[in-house]
Amino acid sequence: MQVDDQASALAQRSSSVSSVGVSRPRPFPIIGEAAPGPRCGHTLTTITGPDGDVNKAKLVLFGGATALEGSTAKNPDGTPSSGSPGPAASGIRLAGATNDVHIFDIRTGTWVKITPMGEPPSPRAAHAAAAVGNMVVVQGGIGPAGLASEDLHVLDFTDMERPRWHRVLVQGAGPSARYAHTLSLVANRFLVAMGGNDGKSTLGDAWALDTSEKPYQWRKITDAGEMPCPRMYATAAARSDGLLLLCGGRDVHGTPLADAFGFARHRDGRWEWHAAPGSMPAGRYQHGAVFVGTRLHISGGAVGGGRMVDESTSTVMLDTSGGAWITPAPGTLAGEDVTRRCRHAVTSVGPFVFIYGGLKGSQLLDDLLLADDAGGAELTICDPRAPAWSQYLNSVHGSASAALQARSDQRGALCVHLRRAQGQPAAGRPASSR
(Lines give C-alpha, C1' and ligand atoms only; values in the text may rest on other atoms or scores of the structure.)
Protein backbone atom coordinates (compact mmCIF):
# COMPACT_ATOMS: atom_id res chain seq x y z
CA MET A 1 0.00 0.00 0.00
CA GLN A 2 1.34 3.43 -0.93
CA VAL A 3 1.66 6.08 1.75
CA ASP A 4 -0.92 8.16 -0.16
CA ASP A 5 -3.58 5.50 0.33
CA GLN A 6 -2.99 4.40 3.92
CA ALA A 7 -5.19 6.83 5.83
CA SER A 8 -7.98 6.82 3.25
CA ALA A 9 -7.98 3.02 3.05
CA LEU A 10 -8.36 2.83 6.82
CA ALA A 11 -11.30 5.23 6.65
CA GLN A 12 -13.04 3.23 3.91
CA ARG A 13 -12.95 -0.11 5.73
CA SER A 14 -16.09 -1.17 7.53
CA SER A 15 -15.76 -1.26 11.28
CA SER A 16 -17.15 -3.85 13.65
CA VAL A 17 -16.62 -5.05 17.20
CA SER A 18 -15.69 -8.69 17.66
CA SER A 19 -14.82 -10.85 20.66
CA VAL A 20 -12.33 -13.26 19.15
CA GLY A 21 -9.88 -12.59 21.95
CA VAL A 22 -7.44 -9.99 23.20
CA SER A 23 -3.98 -10.55 24.64
CA ARG A 24 -4.53 -9.76 28.31
CA PRO A 25 -1.57 -8.19 30.14
CA ARG A 26 -0.20 -10.15 33.09
CA PRO A 27 2.09 -9.04 35.92
CA PHE A 28 5.80 -9.38 35.16
CA PRO A 29 8.14 -9.93 38.13
CA ILE A 30 10.25 -7.00 39.24
CA ILE A 31 13.57 -8.28 40.50
CA GLY A 32 16.27 -6.19 42.15
CA GLU A 33 16.34 -2.80 43.82
CA ALA A 34 16.76 -0.58 40.75
CA ALA A 35 13.13 -0.57 39.60
CA PRO A 36 11.61 2.87 38.89
CA GLY A 37 9.09 2.71 41.74
CA PRO A 38 5.57 4.20 41.84
CA ARG A 39 4.89 6.92 39.27
CA CYS A 40 2.55 8.22 36.60
CA GLY A 41 2.83 10.60 33.67
CA HIS A 42 6.17 9.06 32.62
CA THR A 43 7.25 7.72 29.22
CA LEU A 44 8.48 4.27 28.20
CA THR A 45 10.35 4.07 24.91
CA THR A 46 11.92 1.15 23.04
CA ILE A 47 15.38 1.39 21.56
CA THR A 48 16.74 -1.54 19.57
CA GLY A 49 20.27 -2.85 19.21
CA PRO A 50 22.61 -2.19 16.27
CA ASP A 51 20.84 -2.35 12.88
CA GLY A 52 17.47 -2.57 14.60
CA ASP A 53 18.21 -5.85 16.39
CA VAL A 54 15.20 -6.46 18.70
CA ASN A 55 17.13 -9.23 20.45
CA LYS A 56 19.17 -6.46 22.07
CA ALA A 57 16.27 -4.09 22.71
CA LYS A 58 15.94 -2.05 25.88
CA LEU A 59 13.15 0.03 27.36
CA VAL A 60 13.93 3.58 28.48
CA LEU A 61 11.72 5.02 31.23
CA PHE A 62 12.01 8.76 31.77
CA GLY A 63 10.50 11.17 34.27
CA GLY A 64 7.00 11.11 35.67
CA ALA A 65 5.41 12.11 38.96
CA THR A 66 6.37 10.09 42.03
CA ALA A 67 3.87 11.69 44.41
CA LEU A 68 0.35 13.09 44.24
CA GLU A 69 -0.68 16.65 44.96
CA GLY A 70 -1.29 16.93 48.68
CA SER A 71 1.02 14.04 49.50
CA THR A 72 4.69 14.21 50.35
CA ALA A 73 6.87 14.55 47.28
CA LYS A 74 9.94 12.35 47.11
CA ASN A 75 13.48 13.05 46.04
CA PRO A 76 15.12 10.55 43.67
CA ASP A 77 16.71 8.82 46.69
CA GLY A 78 13.29 8.32 48.29
CA THR A 79 13.64 11.01 50.98
CA PRO A 80 10.89 13.62 51.44
CA SER A 81 11.30 16.75 49.35
CA SER A 82 11.07 20.17 50.99
CA GLY A 83 10.36 21.90 47.71
CA SER A 84 7.01 23.25 46.66
CA PRO A 85 5.01 21.03 44.35
CA GLY A 86 4.76 24.00 42.03
CA PRO A 87 1.81 25.40 40.14
CA ALA A 88 -0.92 23.08 38.96
CA ALA A 89 -2.24 23.31 35.42
CA SER A 90 -5.69 22.27 34.27
CA GLY A 91 -5.94 18.50 34.61
CA ILE A 92 -2.56 18.17 36.32
CA ARG A 93 -2.58 17.73 40.10
CA LEU A 94 0.78 16.05 40.50
CA ALA A 95 3.87 16.73 42.58
CA GLY A 96 7.23 15.07 42.90
CA ALA A 97 8.10 15.20 39.20
CA THR A 98 11.48 13.69 38.39
CA ASN A 99 13.95 13.52 35.52
CA ASP A 100 15.52 10.17 36.38
CA VAL A 101 16.19 7.46 33.79
CA HIS A 102 15.70 3.71 34.20
CA ILE A 103 16.58 1.01 31.68
CA PHE A 104 14.80 -2.33 31.36
CA ASP A 105 16.88 -5.02 29.68
CA ILE A 106 14.50 -7.18 27.65
CA ARG A 107 16.84 -10.16 27.49
CA THR A 108 17.29 -10.54 31.25
CA GLY A 109 14.08 -8.88 32.45
CA THR A 110 15.94 -6.61 34.87
CA TRP A 111 15.93 -2.87 35.65
CA VAL A 112 18.90 -0.57 36.16
CA LYS A 113 18.97 3.14 36.99
CA ILE A 114 21.45 5.21 35.00
CA THR A 115 22.83 8.74 35.16
CA PRO A 116 23.53 9.85 31.58
CA MET A 117 26.24 12.35 30.77
CA GLY A 118 25.31 15.87 29.71
CA GLU A 119 22.64 18.26 30.97
CA PRO A 120 19.32 16.48 31.56
CA PRO A 121 15.87 17.97 30.94
CA SER A 122 14.15 19.55 33.92
CA PRO A 123 11.99 17.27 36.10
CA ARG A 124 8.64 16.74 34.40
CA ALA A 125 5.53 14.61 33.89
CA ALA A 126 2.86 14.45 31.16
CA HIS A 127 5.62 14.95 28.59
CA ALA A 128 5.99 13.02 25.32
CA ALA A 129 8.83 10.92 23.93
CA ALA A 130 9.68 9.01 20.76
CA ALA A 131 12.57 6.85 19.56
CA VAL A 132 14.63 8.05 16.59
CA GLY A 133 17.16 5.34 15.82
CA ASN A 134 19.21 4.82 18.97
CA MET A 135 18.01 8.07 20.53
CA VAL A 136 15.05 8.98 22.73
CA VAL A 137 13.58 12.41 21.98
CA VAL A 138 11.74 14.14 24.87
CA GLN A 139 9.46 17.14 24.48
CA GLY A 140 7.24 19.24 26.71
CA GLY A 141 5.57 18.27 29.96
CA ILE A 142 5.01 20.01 33.27
CA GLY A 143 7.05 20.03 36.47
CA PRO A 144 7.48 21.82 39.80
CA ALA A 145 8.30 25.07 38.00
CA GLY A 146 5.35 24.87 35.60
CA LEU A 147 5.37 24.07 31.90
CA ALA A 148 8.64 22.74 30.53
CA SER A 149 10.16 24.64 27.62
CA GLU A 150 9.32 23.68 24.06
CA ASP A 151 12.93 22.58 23.50
CA LEU A 152 13.71 19.09 22.28
CA HIS A 153 16.01 16.96 24.41
CA VAL A 154 17.73 13.84 23.10
CA LEU A 155 19.08 10.93 25.12
CA ASP A 156 21.69 9.43 22.82
CA PHE A 157 22.50 5.72 23.12
CA THR A 158 25.02 5.58 20.27
CA ASP A 159 27.42 4.37 22.95
CA MET A 160 25.21 2.10 25.04
CA GLU A 161 27.73 2.19 27.88
CA ARG A 162 27.86 5.99 27.97
CA PRO A 163 24.46 7.51 27.08
CA ARG A 164 24.40 11.29 26.89
CA TRP A 165 21.79 14.06 26.97
CA HIS A 166 21.80 16.69 24.21
CA ARG A 167 19.58 19.68 23.55
CA VAL A 168 18.46 19.91 19.92
CA LEU A 169 18.59 23.28 18.21
CA VAL A 170 15.51 23.92 16.05
CA GLN A 171 15.09 26.97 13.82
CA GLY A 172 11.91 29.02 13.75
CA ALA A 173 8.59 28.55 15.46
CA GLY A 174 7.34 25.19 16.64
CA PRO A 175 4.90 23.60 19.07
CA SER A 176 4.40 25.86 22.06
CA ALA A 177 5.18 24.71 25.58
CA ARG A 178 2.55 22.10 26.45
CA TYR A 179 1.74 18.92 28.31
CA ALA A 180 -0.60 15.94 27.71
CA HIS A 181 0.29 15.94 24.00
CA THR A 182 1.62 13.22 21.70
CA LEU A 183 4.96 12.81 19.92
CA SER A 184 5.55 10.06 17.36
CA LEU A 185 8.09 9.09 14.72
CA VAL A 186 6.29 8.54 11.41
CA ALA A 187 7.80 6.62 8.48
CA ASN A 188 11.13 6.47 10.37
CA ARG A 189 11.66 10.10 9.42
CA PHE A 190 9.14 12.63 10.72
CA LEU A 191 8.59 13.63 14.33
CA VAL A 192 4.92 14.56 14.66
CA ALA A 193 3.61 16.47 17.71
CA MET A 194 -0.10 16.94 18.26
CA GLY A 195 -2.58 18.41 20.71
CA GLY A 196 -2.17 18.78 24.45
CA ASN A 197 -2.71 21.77 26.71
CA ASP A 198 -0.66 24.96 27.03
CA GLY A 199 -1.99 25.85 30.49
CA LYS A 200 -4.71 28.02 28.99
CA SER A 201 -6.61 25.85 26.54
CA THR A 202 -6.81 22.43 24.91
CA LEU A 203 -4.91 22.37 21.62
CA GLY A 204 -5.70 20.87 18.22
CA ASP A 205 -2.59 21.76 16.22
CA ALA A 206 -0.17 19.35 14.56
CA TRP A 207 3.50 19.87 13.71
CA ALA A 208 6.08 17.82 11.80
CA LEU A 209 9.87 17.88 11.93
CA ASP A 210 11.90 16.12 9.22
CA THR A 211 14.78 14.40 11.02
CA SER A 212 16.61 13.89 7.71
CA GLU A 213 17.01 17.61 7.01
CA LYS A 214 19.25 20.10 8.79
CA PRO A 215 18.89 22.64 10.17
CA TYR A 216 15.93 21.11 11.99
CA GLN A 217 12.68 22.98 11.57
CA TRP A 218 9.11 22.41 12.68
CA ARG A 219 6.36 22.83 10.07
CA LYS A 220 2.76 23.37 11.10
CA ILE A 221 0.32 21.05 9.36
CA THR A 222 -2.79 22.79 8.05
CA ASP A 223 -5.51 22.04 5.47
CA ALA A 224 -4.98 18.32 5.92
CA GLY A 225 -8.43 16.83 5.49
CA GLU A 226 -10.65 15.76 8.39
CA MET A 227 -8.72 17.40 11.21
CA PRO A 228 -9.45 15.91 14.66
CA CYS A 229 -11.00 18.21 17.23
CA PRO A 230 -8.67 19.71 19.88
CA ARG A 231 -7.79 17.17 22.58
CA MET A 232 -5.40 16.34 25.37
CA TYR A 233 -4.32 13.02 26.89
CA ALA A 234 -4.84 11.25 23.56
CA THR A 235 -2.55 8.56 22.16
CA ALA A 236 -0.77 8.46 18.82
CA ALA A 237 0.89 5.27 17.58
CA ALA A 238 2.78 4.79 14.33
CA ARG A 239 2.48 1.63 12.24
CA SER A 240 5.67 0.35 10.63
CA ASP A 241 4.45 1.32 7.13
CA GLY A 242 4.07 4.99 8.03
CA LEU A 243 0.43 5.25 9.12
CA LEU A 244 -0.12 7.19 12.35
CA LEU A 245 -3.27 6.53 14.37
CA LEU A 246 -4.56 9.15 16.82
CA CYS A 247 -6.98 7.65 19.31
CA GLY A 248 -9.25 8.99 22.06
CA GLY A 249 -8.38 11.82 24.41
CA ARG A 250 -10.36 14.49 26.24
CA ASP A 251 -11.97 17.38 24.36
CA VAL A 252 -12.38 21.03 25.37
CA HIS A 253 -15.51 20.15 27.38
CA GLY A 254 -13.76 17.39 29.34
CA THR A 255 -15.60 14.64 27.44
CA PRO A 256 -13.72 11.37 26.84
CA LEU A 257 -13.47 10.64 23.12
CA ALA A 258 -13.92 7.28 21.38
CA ASP A 259 -12.83 8.27 17.87
CA ALA A 260 -9.70 7.43 15.88
CA PHE A 261 -8.00 9.20 12.99
CA GLY A 262 -5.46 7.92 10.49
CA PHE A 263 -2.69 10.32 9.47
CA ALA A 264 -0.24 9.84 6.61
CA ARG A 265 2.05 11.77 4.29
CA HIS A 266 1.63 11.86 0.52
CA ARG A 267 4.58 11.50 -1.80
CA ASP A 268 4.21 15.17 -2.75
CA GLY A 269 4.75 16.18 0.88
CA ARG A 270 1.11 16.82 1.83
CA TRP A 271 -0.22 15.40 5.08
CA GLU A 272 -3.78 14.12 5.32
CA TRP A 273 -6.15 13.08 8.11
CA HIS A 274 -8.96 10.56 7.66
CA ALA A 275 -11.48 9.55 10.32
CA ALA A 276 -11.28 5.82 11.03
CA PRO A 277 -14.56 3.91 10.86
CA GLY A 278 -16.52 3.14 13.99
CA SER A 279 -15.55 3.96 17.55
CA MET A 280 -13.68 2.44 20.43
CA PRO A 281 -15.89 0.25 22.62
CA ALA A 282 -15.55 2.98 25.26
CA GLY A 283 -14.30 6.57 25.09
CA ARG A 284 -11.24 7.29 27.23
CA TYR A 285 -8.23 9.49 27.88
CA GLN A 286 -4.91 9.06 29.70
CA HIS A 287 -4.77 5.57 28.19
CA GLY A 288 -1.96 3.74 26.41
CA ALA A 289 -1.73 2.58 22.79
CA VAL A 290 0.95 0.80 20.78
CA PHE A 291 1.12 -1.21 17.57
CA VAL A 292 2.14 -4.86 17.25
CA GLY A 293 2.14 -5.40 13.50
CA THR A 294 -1.20 -4.04 12.28
CA ARG A 295 -2.95 -4.49 15.65
CA LEU A 296 -3.28 -1.45 17.87
CA HIS A 297 -3.28 -2.48 21.55
CA ILE A 298 -5.15 -0.05 23.80
CA SER A 299 -4.94 -0.28 27.59
CA GLY A 300 -6.64 1.45 30.47
CA GLY A 301 -7.77 5.03 30.51
CA ALA A 302 -9.99 7.40 32.47
CA VAL A 303 -13.59 8.41 31.76
CA GLY A 304 -13.88 11.34 34.16
CA GLY A 305 -14.89 11.89 37.77
CA GLY A 306 -11.96 9.80 38.99
CA ARG A 307 -13.37 6.70 37.26
CA MET A 308 -11.52 4.22 35.07
CA VAL A 309 -12.88 2.36 32.05
CA ASP A 310 -14.75 -0.86 32.83
CA GLU A 311 -12.82 -4.12 33.04
CA SER A 312 -14.65 -5.46 29.98
CA THR A 313 -13.17 -2.70 27.81
CA SER A 314 -9.97 -1.84 29.69
CA THR A 315 -8.01 -3.84 27.10
CA VAL A 316 -9.14 -3.59 23.48
CA MET A 317 -7.49 -3.82 20.08
CA LEU A 318 -8.08 -2.29 16.67
CA ASP A 319 -7.17 -4.59 13.78
CA THR A 320 -6.27 -1.96 11.19
CA SER A 321 -5.91 -4.57 8.43
CA GLY A 322 -9.56 -5.57 8.79
CA GLY A 323 -11.10 -2.48 10.37
CA ALA A 324 -12.41 -4.34 13.43
CA TRP A 325 -12.35 -3.42 17.10
CA ILE A 326 -11.59 -6.49 19.21
CA THR A 327 -12.68 -6.93 22.82
CA PRO A 328 -11.96 -9.74 25.27
CA ALA A 329 -13.95 -12.87 24.51
CA PRO A 330 -16.78 -13.63 26.96
CA GLY A 331 -15.61 -15.81 29.81
CA THR A 332 -11.97 -14.74 29.58
CA LEU A 333 -12.23 -12.08 32.28
CA ALA A 334 -11.00 -13.52 35.55
CA GLY A 335 -12.09 -10.67 37.80
CA GLU A 336 -8.61 -9.12 37.62
CA ASP A 337 -8.59 -5.46 36.70
CA VAL A 338 -4.83 -4.94 36.39
CA THR A 339 -5.23 -2.76 33.30
CA ARG A 340 -7.79 -0.44 34.88
CA ARG A 341 -5.42 2.48 35.32
CA CYS A 342 -4.54 5.77 33.68
CA ARG A 343 -1.42 7.90 33.08
CA HIS A 344 0.65 4.76 32.61
CA ALA A 345 3.30 4.21 29.93
CA VAL A 346 3.28 1.57 27.22
CA THR A 347 5.62 0.33 24.49
CA SER A 348 6.18 -2.83 22.44
CA VAL A 349 9.08 -5.08 21.42
CA GLY A 350 8.31 -7.70 18.81
CA PRO A 351 5.04 -9.36 19.91
CA PHE A 352 5.32 -8.13 23.51
CA VAL A 353 3.44 -5.14 24.95
CA PHE A 354 4.94 -3.66 28.14
CA ILE A 355 2.98 -1.44 30.54
CA TYR A 356 4.54 0.30 33.53
CA GLY A 357 3.03 2.14 36.47
CA GLY A 358 0.22 4.67 36.28
CA LEU A 359 -2.53 5.90 38.53
CA LYS A 360 -5.55 4.07 39.91
CA GLY A 361 -7.76 6.25 42.05
CA SER A 362 -5.38 7.84 44.53
CA GLN A 363 -2.78 5.08 44.24
CA LEU A 364 0.42 5.39 42.23
CA LEU A 365 1.37 2.05 40.69
CA ASP A 366 4.82 0.49 40.42
CA ASP A 367 4.09 -2.72 38.54
CA LEU A 368 5.16 -3.99 35.13
CA LEU A 369 2.61 -5.76 32.94
CA LEU A 370 3.32 -7.85 29.85
CA ALA A 371 0.94 -8.93 27.07
CA ASP A 372 2.11 -11.51 24.53
CA ASP A 373 0.45 -11.05 21.12
CA ALA A 374 2.17 -14.22 19.84
CA GLY A 375 0.76 -16.54 22.50
CA GLY A 376 4.21 -17.81 23.48
CA ALA A 377 5.24 -18.54 19.88
CA GLU A 378 8.08 -16.01 19.88
CA LEU A 379 10.53 -16.03 22.78
CA THR A 380 13.78 -15.30 20.98
CA ILE A 381 14.15 -11.79 22.43
CA CYS A 382 14.25 -13.03 26.02
CA ASP A 383 16.22 -15.53 28.06
CA PRO A 384 13.68 -18.01 29.50
CA ARG A 385 16.28 -19.04 32.10
CA ALA A 386 16.58 -15.52 33.53
CA PRO A 387 14.84 -15.36 36.96
CA ALA A 388 12.25 -12.76 35.94
CA TRP A 389 11.33 -14.49 32.69
CA SER A 390 11.30 -17.90 34.35
CA GLN A 391 8.84 -16.65 36.97
CA TYR A 392 6.65 -15.02 34.32
CA LEU A 393 6.60 -18.10 32.08
CA ASN A 394 5.84 -20.34 35.05
CA SER A 395 2.84 -18.17 35.95
CA VAL A 396 1.51 -18.14 32.38
CA HIS A 397 2.42 -21.57 31.00
CA GLY A 398 3.13 -23.58 34.11
CA SER A 399 6.86 -23.71 33.37
CA ALA A 400 9.44 -22.20 31.08
CA SER A 401 9.86 -25.57 29.33
CA ALA A 402 6.12 -25.66 28.63
CA ALA A 403 6.36 -22.24 27.03
CA LEU A 404 9.25 -23.38 24.85
CA GLN A 405 7.28 -26.50 23.88
CA ALA A 406 4.27 -24.36 22.99
CA ARG A 407 6.50 -22.20 20.85
CA SER A 408 7.90 -25.32 19.13
CA ASP A 409 4.42 -26.75 18.57
CA GLN A 410 3.13 -23.51 17.03
CA ARG A 411 6.12 -23.24 14.71
CA GLY A 412 5.72 -26.90 13.74
CA ALA A 413 2.06 -26.35 12.93
CA LEU A 414 2.98 -23.34 10.81
CA CYS A 415 5.55 -25.37 8.86
CA VAL A 416 2.96 -28.12 8.19
CA HIS A 417 0.46 -25.49 7.01
CA LEU A 418 3.00 -23.92 4.64
CA ARG A 419 4.09 -27.28 3.23
CA ARG A 420 0.51 -28.31 2.55
CA ALA A 421 -0.18 -24.94 0.93
CA GLN A 422 2.78 -25.62 -1.37
CA GLY A 423 1.56 -29.14 -2.19
CA GLN A 424 4.30 -30.83 -0.15
CA PRO A 425 3.90 -33.69 2.35
CA ALA A 426 3.52 -32.46 5.92
CA ALA A 427 6.75 -34.15 7.04
CA GLY A 428 8.70 -32.72 4.15
CA ARG A 429 9.61 -36.14 2.65
CA PRO A 430 9.38 -36.84 -1.10
CA ALA A 431 5.82 -37.70 -2.11
CA SER A 432 5.24 -41.36 -2.90
CA SER A 433 3.92 -42.22 -6.34
CA ARG A 434 0.47 -43.71 -6.66
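Is Thr 46 buried or exposed, and what is its relative accessible area? In this predicted model, Thr 46 is buried, with a relative accessible area of 16%, because that value falls under the 20% limit for a buried residue.

View 1. Thr 46 belongs to strand S3, which spans residues 43-47. Its side chain makes a polar contact of 2.6 Å with the side chain of Thr 347, and a polar atom of the Thr 46 side chain also lies 3.1 Å from the backbone oxygen of Ser 348. Beyond the neighbours within four places in sequence, the residues in contact with Thr 46 are Ala 57, Lys 58, Leu 59, Ala 131, Thr 347, Ser 348 and Val 349.

**View 2. The largest nonpolar core and Phe 28.** This core has 22 residues, of which Phe 28, Leu 44, Phe 104, Ile 106, Phe 354 and Trp 389 touch the most other members. At least two residues each come from strands S4 (58-68), S27 (345-349), S28 (352-360) and S29 (363-372) and from helix H2 (387-397), with H2 giving the largest share, 4 residues. Once neighbours within four places in sequence are set aside, the contacts of Phe 28 include Phe 104, Leu 368, Leu 370, Trp 389 and Tyr 392.

**View 3. Ser 122 in the loop between strands S6 and S7.** Ser 122 is placed in the loop that joins strand S6 (110-114) to strand S7 (128-132), and with a relative accessibility of 35% it counts as partly exposed. Not counting residues up to four places away in sequence, Ser 122 touches Asn 99 and Ala 148. Gly 140 is 18 residues from Ser 122 in sequence, and their C-alpha atoms are 10.0 Å apart in space.

Technical notes:
Residues numbered from 1 in each chain as written. Predicted model: local features only at pLDDT ≥ 70, side-chain atom pairs only at ≥ 80, totals over all residues. Heavy atoms only, no water. Buried < 20%, exposed > 50% of the residue type's maximum accessible area, 1.4 Å probe, protein only. Polar contact = N/O pair within 3.5 Å; in protein donor to acceptor, adjacent residues only side chain to side chain. Contact = heavy atoms within 4.5 Å. Core = buried A, V, L, I, M, F, W, Y, C linked by side-chain atoms within 4.5 Å.
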